[in-house]
Amino acid sequence: MPIQATDKIWMDGELVAWDEARVHVLTHTLHYGSGVFEGIRAYPTKNGPAVFRLTDHIKRLHDSADLFLMDMPYSVDELVEATRETVRVNNVESCYIRPIAYLGYGEMGLNPLPCEVKVSIAVWPWGSYLGDEGVRNGVRMKVSSWRRIDPNVNPVAAKGTGIYVNSQLAKVEALKAGYDEAILLNTHGFVAECTGENLFVVKNGVMITPPLSSGALEGITRASVITIARDLGVEVREDNLLRSDLYLADEAFLTGTAAEIVPMRSVDDREIGDPGEITRKIQETYFAVVHGEEDRYKDWLDYVNA
Ligand code: PY5
């Protein structure tokens, strides 16, 4: 799906025309994967566009930077305001939001500390990452032959650009084999997560998701779904999963900002089948929440025109 251009991109404090938002070819991060980023969404509501859990995402961006000893030149509050402004000036009802902090041009050694930290925020309309059909009827998953990066190889709690080479290998392997998305096991053989999503299985009415010690990212959608499920009276546990737990699940789904909530139809050709009752209920409630239709979770929305 090609990126749909909007008007302006926020770059280091200024709103720059979309086509002018350029970086030098010797930008440090292009060579060594030394950036950190976020994926955020704004949804249409009856009070105009609202960004879902904006401050939580920007805090995670700051945490990612801390993990790589990157000095963020803007505070959480400043980036929250910059994000709101970028959504506002581009006049979009709903969009995906991509803030990135990266090391700019000037140094080429592996010591990143002397490099200048640059920050930009782009927004554009982006439909469901795994497609509307996937959201409705589920996607076909493949357990990857690539393992999720070990937390002692890279700090996987960070959304670091270089870490995503691992995700890309798994994604391409799955696509070339005719599947929609990959599931990565960790170095101990337990299920970690997907290439850009967390995952849940449902067994005997209980929702189970791998713990963060599996190497899974602490997804904001994952956290939101855990809260929503418990409020709906569904038991949720964090527990290690084997690949056979995926094959024998009653229901399974993945969660992420770009993908949203997507049922799994099958894993390695073992049929899970049509989206189940708990999956549907979580999907339905989540979409109502992000569109501002559930008062109980109104603190999760940041209205850009407020
Ligand atoms: N795990 C990984 C490795 C991720 O990259 C993401 C988000 C998640 C889990 C889910 O986290 P959250 O619920 O906080 O979004 N992935 C990005 C996203 O914007 C990039 C996907 C292309 O969804």
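Me: How are the words buried and exposed to be read here?

Reply: Buried means under 20% relative accessible area, exposed over 50%, and partly exposed in between, with a 1.4 Å probe and protein chains only. D269 has a relative accessible area of 46%, so D269 is partly exposed. The model is predicted: local features need pLDDT of at least 70, side-chain atom pairs count only at pLDDT 80 or more, and totals for chains, interfaces and linings use all residues. Residues are numbered from 1 along each chain as its sequence is written, and side-chain values use heavy atoms, with hydrogens and water left out.

Me: Which residue forms a salt bridge with D269?

Reply: Side chains of opposite charge can pair when their charged atoms come close. A salt bridge is a side-chain nitrogen of Lys or Arg within 4 Å of a carboxyl oxygen of Asp or Glu. For D269 the partner is R140, with the closest N and O atoms 3.0 Å apart. This pair links distant parts of the chain, 129 residues apart: D269 is in the loop between strand 15 (260-267) and strand 16 (270-271), and R140 is in strand 8 (residues 139-143). Helices (H or I, at least four residues) and strands (E, at least two) are DSSP runs, numbered from the N terminus. R140 counts as partly exposed because its relative accessibility is 32%.

Me: How many salt bridges does the structure hold?

Reply: The structure holds 18. One of them joins the side chains of R53 and D56 at 2.9 Å, N to O. R53 is buried, at 15% relative accessible area, and D56 is partly exposed at 31%.

Me: What is the nearest side chain of opposite charge to E251?

Reply: In this count Lys and Arg are positive and Asp and Glu negative, while His and the chain ends are not counted. For E251 that side chain is R280, 8.7 Å away; E251 is buried yet has no salt bridge. E251 lies in strand 14, and its side chain makes a polar contact with the side chain of T279 (2.6 Å). A polar contact is a pair of N or O atoms within 3.5 Å; within protein, one must be able to donate a hydrogen and the other to accept it, and residues adjacent in sequence count only if both atoms are side-chain atoms.

Me: Which atoms of I220 and R60 lie by the ligand?

Reply: A backbone N or O atom of I220 is 2.7 Å from a ligand oxygen atom. For R60, a side-chain N or O atom is 2.8 Å from an oxygen atom of the ligand.
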